[in-house]
Structure formats: structure tokens, C-alpha cells
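Welcome to my notebook. I jotted down what I looked up, one topic at a time.

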Amino acid sequence: MIIEHPLLGPRDAAEFIYLGDACLIDRPDWQAEDAAEQFHEYGYLRDNPAGAHQELWYHEQGDRSWLVVTRDTLSHEIIKVDMARDVAKARGRGT
Amino acid sequence: MTQAEHIGQAFKFFEDDERGTQRISVFGQDNRVGAGLINRGERLTFSFNGKEMTGFQGDTLASALLANGQLLVGRSFKYHRPRGILTAGSEEPNALVELRSGAAKEPNTRATVTELFDGLEAKSQNHRGSLNFDLMAMTDFASPFLTAGFYYKTFMWPKSFWEKVYEPIIRKAAGLGSLSMEHDPDSYDKGFLHCDLLVIGAGPSGLMAALSAARAGARVILADEDFLLGGRLNSEVLEVGGMAGSTWAAKTVAELASMDNVRMMARTTVYGAYDHGIYGALERCTDHLASSAGKPRQILWRVYSKRAVLAAGSTERPIAFGNNDRPGIMMAGAVRTYLNRFGVVPGKSIAVFTNNDDGWQTAADLHDAGMDVAAVIDSRDTDAPMALPGVRHMRGQAIVNTIGRKGVKAVQTTGGITLPVDAVAVSGGWNPNVHLTCHQRGRPEWREDINAFVPGGVLPVGMAVAGAANGSMTLAASLAEGQAVADAQITDLGFNPVAADVPQASDEAINGAAFWHVAESKNRAWLDQQNDVTVKDVKQSYQEGFRSVEHLKRYTTLGMATDQGKTANIPALAIMSELTGKPIQETGTTIFRPPYTPVPIGAFGGRSRGKDFRPYRLTPSHKWAEENGASFVNVGNWMRAEWYTQPGEKGWRDSVDREALSTRTAVGICDVTTLGKIDIKGKDAGAFLDKVYSNTFSTLKVGRVRYGLMLREDGICYDDGTTARLADNHYVMTTTTANAVLVYRRLEFARQCLWPGLDVHLISTTDGWAQFAVAGPKSRRLLRKVVDKEFDLSNEAFPFMACGEVTVFGGTPARLFRISFSGELAFEIAVPARFGNSMIEGLMKAGKALGVVPYGTEALGVMRIEKGHCTANELTGQTTAHNIGLGKMVSQKKECIGNVLSQREELIREDDVKLVGLRPVDRSKGLLAGSHFITKGEEANMANDQGWMTSVAWSPNLGHSVGLGFVKSGNRRMGEVIRAVSPVHKTEMDVEIVSAHFIDPEGKRLRG
Amino acid sequence: MTYSAFRILKEGLTGNKGWSPAWREPAPKVAYDIVIVGGGGHGLSTAYYLSKKYGIRNVAVVEKGWLGGGNIGRNTTIIRSNYMLPGNEPFYEFSMKLWEGLEQDTNYNSMVSQRSILNLIHSDGQRDAFVRRANAMFLAGADAELADAAQLRRELPFLDFDNARFPIKGGLYQRRGGTARHDAVVWGYARGADQQGVDIIQNCEVTGIDIKDGVCTGVQTTRGAIKAKKVAVCVAGSSSRVMAMAGMRLPIESHVLQAFVSEGLKPVLPGVITFGAGHFYVSQSDKGGLVFGGDIDGYNTYAQRGNLPVVEDVCEGGMAIMPMIGRARLLRSWGGVMDMSMDGSPFIDKTHIDGLYFNGGWCYGGFKATPASGYCYAHLLATDEPHEVATQMRLDRFRRGNIIDEKGQGNQPNLH
Amino acid sequence: MWRSCPPISLTQKGSGFVVKFNLVSAPPLAGYHEAFGPVTLRAPGDLAIVNMAVPLGGDTRAMKAVKTGYGVDLPEPGKSVETQKGATRLVRLAPDQAFAIFTHETPDAEEVVAKRVKKAMYLTDQTDVWTGLEINGPGVLAVLERMCPIDLHPDAFAVGDAARTVMEHLGVLIIRTGEDRYLLLSASSSAGSFLHMLETSITNVM
């Protein structure tokens, strides 16, 4: 596969390490009343869709950026690639 | 040789040639006729089954064998039927040989694509006894009992006979060629290519596509599996642009080869279409040479294309009739290839059996060459599509059976006529080579007008298909489509195609009728000639309910041989379609998967074999260690010294005991560079570390080190190590050797994805610093002679867990940490890696009077076990902080990775296993790592399993074996004697549960 | 029809005209006691044991394509019970014992061949871990044997002992391990279940799961609605998609595992060999092909195909330990979609919906589990209690922290 | 004296002396220089590398500091520039990360860069983390295509372009420093394998 890196252009997916569903960005609040349940869902349950899937790839043999890649799990077509830090910030992650 | 020279050479020998037509016997090459595109100036000698024969440069092994009248070349898989050469290409099911000899022996090599070279050795395969008298041929007589799926129905009794009797017999009979059992003597290489347009296939449409794209300025790669580019143009007598097709091909190839933006790749098979325009291609560099002379035999290319044109042509399919597998029965198109390209005919009197007009062309070419065409047997009851004076036309007839054994002697027709012939040319129509269109999501579609599957469904991204591969079966259509498709492809990329006329060519007659097998045949009619699948097998498969094409394939093994059913599959599924009454489109095909033709495993392996399988990482003191008796051990890709053998030491234990003892009594030095080092900077570095470690680091004082425990998000221990604070905004983290890369990755995830608002920056410095543990009661005294004198190393100024930046040996920068893995007074000192090898010399020199020893990973292991420290044997990724007695280190008062899920009920059970020390009750016995613990008096079974021994060592300091292990509620069972069983060693012993801290449990030494 | 050598003789002499279909092609009935969703190995073995061992015969197996078209038709056919953890090892050993009697039980030669499986050892730490595992195997009633390098050199002289990047220091054998003919396992179970009266319905895709007031009442299919007292989902590879019809999210990701076969060769490999320092395992089929594989591709996918980096990685591993295979050719590659679970271990459990059961999460180890998976699932369906060797394969185990993580990789499916 | 942070106050106490010993610098490939027909392969001497990290929110200040200190703009990711005198090559690896590569012998490269960019960036010496090989000469692309997955066609990879990628299992930073000249950097611990990879590619092609 080829991942179109937002800054570096097309790169072979072999340069990347795959982590999984980009929902892993949405780490629950550790102080929430149902934190245990939220972390269970966060840690273990996945939509695992057949179709568009937002997922995390790490450019380990490259610029060490984490990317959020939107990819179709049936066709492998890559629909969108974003810098994960931008996605994380947009989803309200901070300090 | 440049690409242009290479191609040029391939062609120079035929441009001057004239096409001869009369039979010319050359040194035993009785079947050699005409001229062909071979170089008669270069005679080559080769051997088949030890018999010497000759051929010419430009021959394949198959054409040379045919020239020499060798029609019998192998035996089939199951029935050991005599088989000859069916095709002239990579689709060949029958003519497989063992090529070369010794370690270079290459089984199952298709003679039809093997380029002849001087000294070539080939042997036929899959027979016991000689090729002519194969003892295994008796299986053919048992064939009524060996039909599809027979082995699923028997060989079950008695039960023990399967592995002992039946299976060995079956295995020995099965298989085709044999491996040499020696290491492959050749090397392989890989490479990466990039282009705007990849053109797959250099026949008429491929050449036109490449030419048009190249003229427009696109970066073009043209690849073809053949050594002579031109595809069918080299097999036919058709004209292009007023010249012989092969001449036009050569001229076009020459033009392409002269262009800088074109890469011509002959002998290169594009074997697979992968995601996003990536293609796999195999270039055979030295297979046509007697020796590879130290160069890579083959190169596996990964081609990154923006667009691709598949111009892979088509493959002729047979018609199934009784005994249609005899040597001498060939595809009609192959007969033309042998005649026109190689100047060879398979026999003296040839019958043509066809269901379409193209078969007639074979008769015409043979006729024009002065050969005896016994008859054209056409299944269609129609007029001859061309006039062939003197050739008998048997309309509406078919071959029902053939006579002969090791070669065809006569054919019998449905009309009851027996024709004596010594060869048969069969044409059942042509299948577009759609394979690569299906490697992803494409599913072929049936086209009634040409009775063939054409590309359908979703093609690989960027791929378009042209020519015969697309169902455009005539030459004129192929040329035009090649250009049009390429123009469309490059227009997409922003190039402007150069308007050029497509060269003149004729549309040859291609009418045909669907006709798959001769129903009147009573004898077995072969579909898959290699795996011996007949029409009857298909019928039986249907009868027993195996009706989907996948069941048909799996039940009968149809299409699973080395040719992947390139000639067999379509006729077979057409027959299944007749049986089920479902149309062919609905019956469908099995899925084509890479590779298009088989690829040597060695090529996929590339250079990564032997010592080059993975890179070596060497520690900075590697050279010194080599010079000082070290033996090395792999730790991941690192090579670490495991011990240093001194003169007089008889075994590794002598060395390790000495190193461990000397370190505990004096001082030892160990290269610990392999531990991961991550430089962490930024004003939020402390806050960041609080989140990634289970314990707190923001409160760590500058100049101090702290042990850190890192959890995974699921609450299990991930890694541990020490992290030093060198400045307010600057920490240095150490990780275990194995996890250095993984921890870095996780930290980047935390930094970019979880807490992007923190100002923190990471950079690995693992390789940058040569780091040495200096351990033992005399370690301070040693360092005092190394660290420049302005730095105070006293216990007060530089206590346990202190760190600082110092200089050594008169000004060289260094980092000093007072940390201890051995439990002794100990330091780690780091200098820039370039000084590493010199540094250990300096340390040894400084410590000479103190009795310093270098120690390796074994002594390191002994001492850490004596001290009860964990390594990967304990931190297996299944271990909780509670298991190792560090439950309290997991803060619940701050946000950190893993703390929430670490509190799940099953992970904090009181009766879970706990890390303990173990020693044998009989102190003379040696503990065994991996033993399981069973409470005394209980039976050894899984329900009673109390835990296991993780690490053991002989303690030279205690004089007995010591171990660490996990025992259920072990912290409450101190002093208990428990069984340590190791059934795999057939032993057990009693062991006592003790504290894991065998040495200095109060930690006085390391604080001293 | 009973299969035997006599039958083959008789049919052979009479033109092979008397063979009857291996199974019927029934139309779905309106209702069944149990509808098994998924006509793969596990679904069919469930049906077989339900009908044969538990006497429940009013059962349908519905399959969206052809029988055995899922992972049982695209694996490397290895059987073994060399697991380590108490949650796994007794189960796999139970499966091994079922394999050992399978052919006689089903009257179908599935070619169970106990030719041994060997895991190579390259480091002391690896040996310690293998000894732990070997002893766990013994404690669960399985067999194991440690071999040193000298023994392996005698038995497998073609391995690269002298020039290896990661020297071979020994190995862990399970002599009872080996291979079986994957398709024949499907056909044997299907034929056996059919003979017991189970309806096996191909080309029948489930399009909906009927749930009323928290109770599952049946399924909607492309061939109409089918009522059932119990619906047993058994569709590893597609588990998330099917269970989503019941509104469930699973601790599973779908990944592709590629596998490869070489051209047919005369016998060279005695058993299964696994290269621990690389990603490579290999055996040789009865037909002579080297059947081999390695790591999963590593990204979520439902496509039954992989990409080049893994093909190369696997072959690099092969060349690293047995460079004699360099001149053997890779003939065919394929990919199977795996239910990669969060700890690498499977589920055989009831769901929170009454009447809806789930079997999945087999990662790339489902083939060897086929008999026990079906047996235990049948037990659960028949008794509503987990079988004694499958008590830990529960859906709620992550909530409780009862993880069955053989590899110690944590909640990242692609690492298992 | 070399320091990246203020020294800890360590006052001299007790006895002891530092033995007379001259620490010798021996980078792994030092002095390597071979010609293979038209292609030469050499390990540049005294290649100093300093990592420059841009503080969060400190982009403007960092860019200004680079401009002031080096007289050039920090390039975009995947590009490099040489400073006016050609003394230093600045390679932008990631949005918040760049390398300064220059020739410098003593182990205080970090201070050299610190003088240029002051405190506008976090600096970490990377000199000994890497080992460099420069490959030069006509036909060099035929050698590199046997290892490098990046498209190095002159139109796709201009002089000054840089890419971190993987070659034969080694992480490599490749920078096109001239028409037919490339600088390749890889981990110093695997220098031997790195050299072996390049030599094999050359001999396989030549």
C-alpha cells in the first residue's frame, strides 16, 4: 500500500507501523465515575467496520509522525490522511 | 550490458535472416525446418536425461527438444502418463524438467520458457525407473479406483496405518521434481522502480502502448516474461505496417530502447498486482546463462506505477477428447510458435482440430511451410474460412480418441475415420489473460461473442487493459487499443499524447464456437494434464455434490498444479456449467491470486538470508571484547558479550562464576549500551513522564535518577528502567534493550495523539552513548581514576540514584549515573559512542590494580537473579505490578497510562502469583527454569499448578542454585517447600520459597 | 453411504456411477431448534457434535457462500496443542484428542497426520519460555519434547546451522502435532451432520438477527426468515459484521493472514517447522507442496488478500533457516480474514441477548481448534453451560481482567 | 568544557587521581573510502549532527533564530538547505524537528548549534547516533534502486531533497547533496551492516 503523507508525499506503507482504530485518540477521563467501564470500552471494543475506517499509522521509518488514515477495509482505498496531532487537537486533546 | 544493447543483441541475429520453409536436418535436429528467429550461427549443446543434443541460440529448451525429436519429456502427477510439450509458453502443464544439477538443481522448470544455453542439463521428473519405462505407470491401470476424492473415502483402517503406511506411500508417489537438499548457491536481489506507466506485456498492444506513452514523455516501464520482446508477433506470419510483424516489433523495441524515459525489461514477469498501483515483478538475470558468476540470479522488483496497461495477451485452451494427453498433441498456436519463431515442427504429419478460425491459421502456416497437414477437423459444420488446397477439411467432426502410448500415432474421429498422424494441433479458442485484473477485486465477465472471460468488476487502481487480454483478439484491434488505452492513461496524468497513426495490420478471422469436450469420447479426456483431472472427474464431482467451482477445484485438484490451470480451468468449468445448467457467467471462475507464474522463494527472500537475514548491531566496545576473549550472544539484533574466557577456563561456567564473584568482591565492567536511551526535552517533560510512567517523575530533583515502571493501557507491566533528570527541561529515559523501539513509539503516541498540548520532544540517543556499568565495592575507587578530579564522587556528594554530567580522562564529556542492577555499589558511565572502545580500555587500565574484570550478560544475569531483579523472563507482557510486588508503584492519584485498567478484579487478586526466590532443598541440585510448582502431596496437573520458575542461575556467591519464580500467593508462603516439576526433563525436586533478594536484602551495598 | 475400500473397489468396477451426493441440498424450513450461522469448519463441527453427541438434530447451518469457503478453506492446516496458559491448553489438547479419532468418527479421511511440529529455539530466554510451555502441556495431558541442536542437526540437516544470523540452539517438539487436510475436515463434518439430519443450506446469507424484548427469535436470510430457539453465530472473520446486526461491538478486529504454497516437490520436510526468530512456519502437504506462512499483514481489512511486504518477510524467514528452498517456487498465495481478538484467544459464550450465542475470535489459530470448538459450542448450546475446557473463553473476561494472552502483547490485536 | 546544562555542584573531596589515558575517538566507518569503477563510496570525516526540536508554540521564534543564526530559512519537511557558506546543512525531518549537519571534530557539536539558535530550540547531539556514507558518481541511481524505495528520479528527488526510509531493514536518512551525490545516514551501531548493504548493491550492479 501507499500512504500519501500530508507533508512528505506518497510513501510505502512498509515504512509505517499500524496501531488500530483512531478511537484510541479518545482516551477517557480517568476521573469519570464510570472510568472503569469507559476504559474497558476504549481498550477492548471496536466497531471494526467493513468500509471506511479511521486508523492510526506511525511513520516509524520516516518522520515519526502519527497519522490518521481513513481507509476502506474492503478495497484498501485511502480516502484521507491527516496528521494525528491535528486530529487529536480537533477532538479536544490537550495536556 | 545496457538495456538497449541487451535487446539489440536479442534481435540482431534474426533481422538478417530469411524465412526458410524447407525442412533442414541439422545434426540430429530432425524436426528443424525453416529459419525462425533463432541464431543458427550459434550452436548450443545441451543434455536431456544425459543424452547430448544441440540447439541454437534463441531456442527454448522445449523448441530444442522438439527439434531433436524428443516428444516425450515427462510423466504426469497421479497416473504417471507419458507427456510431451503442450504449449510454447508459461502456461505449460506437462513439459517440466529438473534443470541444472547439484545444488543448483531447479525442479519443475518449464522447458517452454527455459532459454537454451550451452551446457544446459535437464532431466525429466516424476518417474521411477527411466522416463520411457516408469514403474509408477501402473497407477494408470488402477485409475478406475483413483478417481476424484478417492483418498477421502479410504485409508482409514486400521487407524495407525495412515501415518505409517498409507501416507508415506502417497507422499512418495506425489510431488513432481525434487530439491537438491543443499543450500541454494545463488544470490538474489531486490529493487524498487517508479514510473508513470507500467506496460505489462510487449506484444502488439503493449508495444503500441509503451511507444505512445514514451513519445509523450511519460516515464514508461515495459516488461515481458519472454526474452524476445514482441509477443505473438514473433509467432505469427502477420504483417504490421507493411513488414513482418516480428520485424516491426524489433524496430519498435529498438526505438523504445533508445529513449531515456523508457525502461525495457525483457525476461521480467509482472507476477502480482498489489494495492495502490504497486506491482511485483521478477527479472531473471542469469537463468539464461550457464553460471551466474557471482551476480544475483534474479531481481524481485517492486514497481510503483501511477498507471498501468495490462497487455498480457491470451492463452489458447484445449478441447478435451479421449486420450488427448499423448506426446505430440499440442496447442495449435504453440505449433505456429515452434514453426515460425523456432523453425521446428512436432511431427511429419499433423492433424489440426479446432472449433474456431484461428486453428486454420496453423494449418495454413504448416501448409505454407510445406508440411503434411493430414486434415483440419473442425467441430463446426461450416465452410472452411480459408482455402487450403490439398488439405482435407472434416467439417462438423471431432477427435474422439487417439492411438499411441509414448506418442500419438493416429486419431479417430467422431465420423469413424482413423487418421495416421504423429502430431495434433488443437485449438479450443483463446482465453484473455485476465489474471492480474483479478488480483484485487476484479471478477471476469463472460463474453458470448468470443466465448471467453474478459476483465470485469473493479480493476486494480490505475490499471487498464488492452489487446487480447481485453478480448480484442485481432492484431489490428490490439495495436489500436494499445495506443488508445495508453493515451487515455497518460492523459489522466497530464501528458499530451502525440497523435500518431496506428500501423496498418489486418483483422484476422477469429470466429469460433463454444465446444469444450467431445461428448462421444469413451476414453478418459484430460482437462488438467498435470494433475490428471479428466472430464469424468468433473462429472463425479458434480454427482457427489461438489458443484461450486471452488469445491470442484478442491475435490478434484483441478487447476492446482504448477500451471495453475491456465489451460484447464475454463474448459472444466464450462463442463460444470453444462452439468448444472447454469450459465458460465454464473458458474464463475476460481479466484486468480498472485503470482501469475511461480516465483522462486529465494527471490522473495532477496539478500535476507544467512548472516544477512537481519542487520547486526554492535556495541561500542565490540572490538575490544573480541580481542579479549568474549563470546557473543544475540539480543534482538544486538551482539552482546556473554562472557569473557580467560586462559585456563574450561567452560563458560568458569568464566561466568569468576566474573560474578570478582564483581561482587572487587569491580566489574559491563557494556550496557544496548539499553534504550531516549532524550526527553521540553518544559512539560516532567508532566509527560507522569502520564507515561505509573509513578511520578515531575517531582524528581535535577541530578537524580528514579526507577520507573511503565504499564500498557491494559494495566499490565510493559517496561521498566531508570530515568534521570539532567535539567529542569531535560530527562534521559532508559528502556530495556528489547523494548527500546517500542517504548519510543508509545511515547510518540502519547505525545502526538493523547497529549498534544504538552511541550515535550523525544529523540533516541541509544547509539550515541557508549554506556558501561561499573559495579562492585571498588567501583567508586575505579571511577575516581577516570572521572576528572573536579567532580566529587563521594557518597555524600553523589549518593545512590544521583546523576550528573562530568568529564573523564581530562575533559571528555560523560554522563554518570549511580544506579545498580547487580545490587552492589555501582555506577553507569556514558561517553560519546566514538570513544566507547577506548573507554573500556581506559576503565580496564584504571581498574587493573583493583582487580577489575569485564563481565558479560551471563554474569549480569546471575547477579540480577541473586538480587531479585526482573527482566524479560519475568516481565513477559502478562505480568502485573502486583505480581512483582510493585502494586503500590501504580499511582491512582494522577492520570497515567494503565492505572485504571490495572485495577480490574482479576488483576488484583490476592491469590494471584507473586514473584519469589527459590532454592533447592538439596543445595547440590540445579534448578530448572520453566519448572512448574505443585504443592507437596498434590498431583501434578494443570488444576494444581501453583506457578513456574522464571529464571535460574548458579550463584557462585552463595554456592548453590538460585531461582526466581511466580507462585500463587507466594508472598505468604515464605519457607514453604514445594515441588518444582519439569516433566519435559522427566525430573522434579523440592524447592524452598524464599525472598527474591538473595544478596544484601537491605540494600546496604548499593547505598554504601 | 459408508465409505470404504470395498466401496471404492465396487464403484471403480462399475464406472463410478453409484456415488451419491456427500450431503443434501435442502431448502430452509420455517423453524429450527438451533440455527448455526456459518458453514465453515467450526459451524459444521458444531452441527455435527450437536446432532451426534447431544442428540439435537433439528438444526440448520446457513452459509452465505459455499461450504468451507472461509478460513478453513484458506489456512496452513496445522494441528497442535502446544499452548501454555490454563485458559487455553486443556481446550487445545481436547481438540487434539478429537483429531486423533476424527476419521473413524466421521467415516471420512481428513488425513490427520501427526508428523510433529517443531518450534526452533534461538536463545536461552526462549528456551526457558518453551520449557515452561512444555511443562504446562504435560500438566494438561499433552506431549512435548525438547531437542538440542545436535539432535536437530541429525534430524533436519538441511536447516542452516552454520551460517545463521540467529543460530539454532534447539527446539520444542510436539510429536503429536502435524497437519490435516483442511477441506476434507469440512466435508467430513458436513457429511456427518447431514447424515444425522442437519440441514446444510448453502448460498443463504444472514441479513438480520431477529431480537424481540431481549430475546433472539431467529434470523433473516436471503432465502427468507428462519425462526430458531437458539441462534449460534460462528463466522470468524466476519464476526463484527454479523454481531453488529444484534447491536453488539466485539473485542475483535479483522485482519488478513496470508499463506503460501510452493510447487509440488518430492518429500523433504518430515513435519511442521516454526522459525521463532523470524516469521515463518512450513510443512509439506501430501501432494508435495510446501505450505507456509508467517505474520499477519497487520492492518484492519476484510479483503482476502495481502500485500508484498509480508510475502517478502515470510520468504526471508524461510531462506534464513532453510536456504535449500531458494529454488522452489512459490506457486500460489491467498489470504484469510482473521478475527483477531484483544488477547489472542477465542470466545465461546452466550451473549447478553437470550438465545444468541457467539463463537469467534480465533485469530489465526482456528483450524486446529475446529473439533473442540464445535464440541464445546455444541455443549454450550445444548446445556447452556460452558464445557469444562472452555470455561474461560468468555466475552466478559476483559471487563474482569481475566486475560488469556499467550504472547503477552496486550490489547493490540495485530500483535497476537 | 562541554555541557548541555549547568553542572551539578560536586565539590572535590577525598583522594584519588585520574589515570593518564588518552581517550581515542573511533567512529565506526572512519576513513572508509573506496572506488568501484565510476562510483565512489566514502565515510565523510567528522560529521557532526545536532537535532533541533521546535518548542510547542515556539515556531516563529525558532524560525527567526535559524534565519538569524544561519542566514537561511528552515526548509520544509523533506527538504534540506545549505547555509550560505556551505558550512551546515539544515535538514527538516518533521514539522517540529530538523537536523543540523556540519563538519566538526570535538564532541561539543551541540554548543556550536546553540550559539546559532540560542535557546529557541531544544538541541540534542546526534553525532554518534549516526554513521554516514556518501555515494557519488554516474550510475549511482542504479545502485540506489536496489535498496531505496523512494523515487530518486532527478525530477522527483531534487538536489537538497531528503527522506527517511528503510533499506534492507535499516533506517536510513538519504539526502541528495549533488547531481549524482547522496549522503546516507544510518544508525552507528549497525554501521557494518550499513556498509555491507551499500557495497553489495554496488557490486551487484557494477
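I began with a term: a residue is buried under 20% relative accessible area, exposed over 50% and partly exposed in between, using a 1.4 Å probe and protein chains only. This is a predicted model, so I kept in mind that local features need pLDDT of at least 70 and side-chain atom pairs pLDDT 80 or more, while totals for chains, interfaces and linings use all residues. Residues are numbered from 1 along each chain as its sequence is written, chains are lettered from A and ligands numbered from 1 in the order in which they are written, and side-chain values use heavy atoms, leaving out hydrogens and water.

**Entry: B:E42**

Is B:E42 buried, exposed or partly exposed? I found 40% relative accessibility, so B:E42 counts as partly exposed. I placed B:E42 in strand β1 (residues 39-48) of chain B. Helices (H or I, at least four residues) and strands (E, at least two) are DSSP runs, numbered from the N terminus. Setting aside residues up to four places away in sequence, B:E42 touches B:G55, B:F56 and B:Q57; contact means heavy atoms within 4.5 Å. I also looked up B:D118, which is 76 residues from B:E42 along the chain, and the two C-alpha atoms are 9.5 Å apart.

**Entry: C:S45**

C:S45 belongs to helix α2 (residues 41-52) of chain C. C:S45 has 0% relative accessibility and therefore counts as buried. Which residues is C:S45 in contact with, leaving aside neighbours within four places in sequence? I noted C:Y189, C:T370, C:P371 and C:G374.

**Entry: nonpolar cores**

A nonpolar core is a set of buried Ala, Val, Leu, Ile, Met, Phe, Trp, Tyr and Cys residues joined through side-chain atoms within 4.5 Å. The largest one here has 72 residues, and the members touching the most others are A:L56, B:I680, B:M733, B:L747 and C:V233. Helix α17 (residues 740-754) of chain B gives this core its largest share, 7 residues. I then found a second, separate core of 68 residues, including C:A22, C:Y49, C:I56 and C:A184.

**Entry: two packed helices**

In chain B, helix α9 (residues 535-543) packs against helix α11 (residues 569-580) at an angle of about 40°, with the axes 10 Å apart. Axes are lines fitted to C-alpha atoms, for helices over the stretch in contact, and angles run from 0 to 180 degrees between N-to-C directions. The contact uses B:V535, B:V538, B:K539, B:S541 and B:Y542 from α9(B), and B:A572, B:I575, B:M576, B:L579 and B:T580 from α11(B).

**Entry: backbone details**

I turned to the backbone with a reminder that most residues other than glycine have a negative phi, and most peptide bonds are trans. B:W157 and B:P158 are joined by a cis peptide bond with omega about -20°, and B:P158 sits in the loop between β7 (120-124) and α3 (161-173) of chain B. Another cis bond runs from B:P594 to B:P595, with omega near 0°. I found B:P595 in the loop between α12 (584-587) and β33 (599-600) of chain B.

What is phi of A:H76 near? The value is positive, near 70°, in a residue other than glycine. A:H76 lies in the loop between β5 (66-72) and β6 (78-83) of chain A, and its relative accessible area of 0% makes A:H76 buried. B:D532, not a glycine either, has a positive phi of about 60°.
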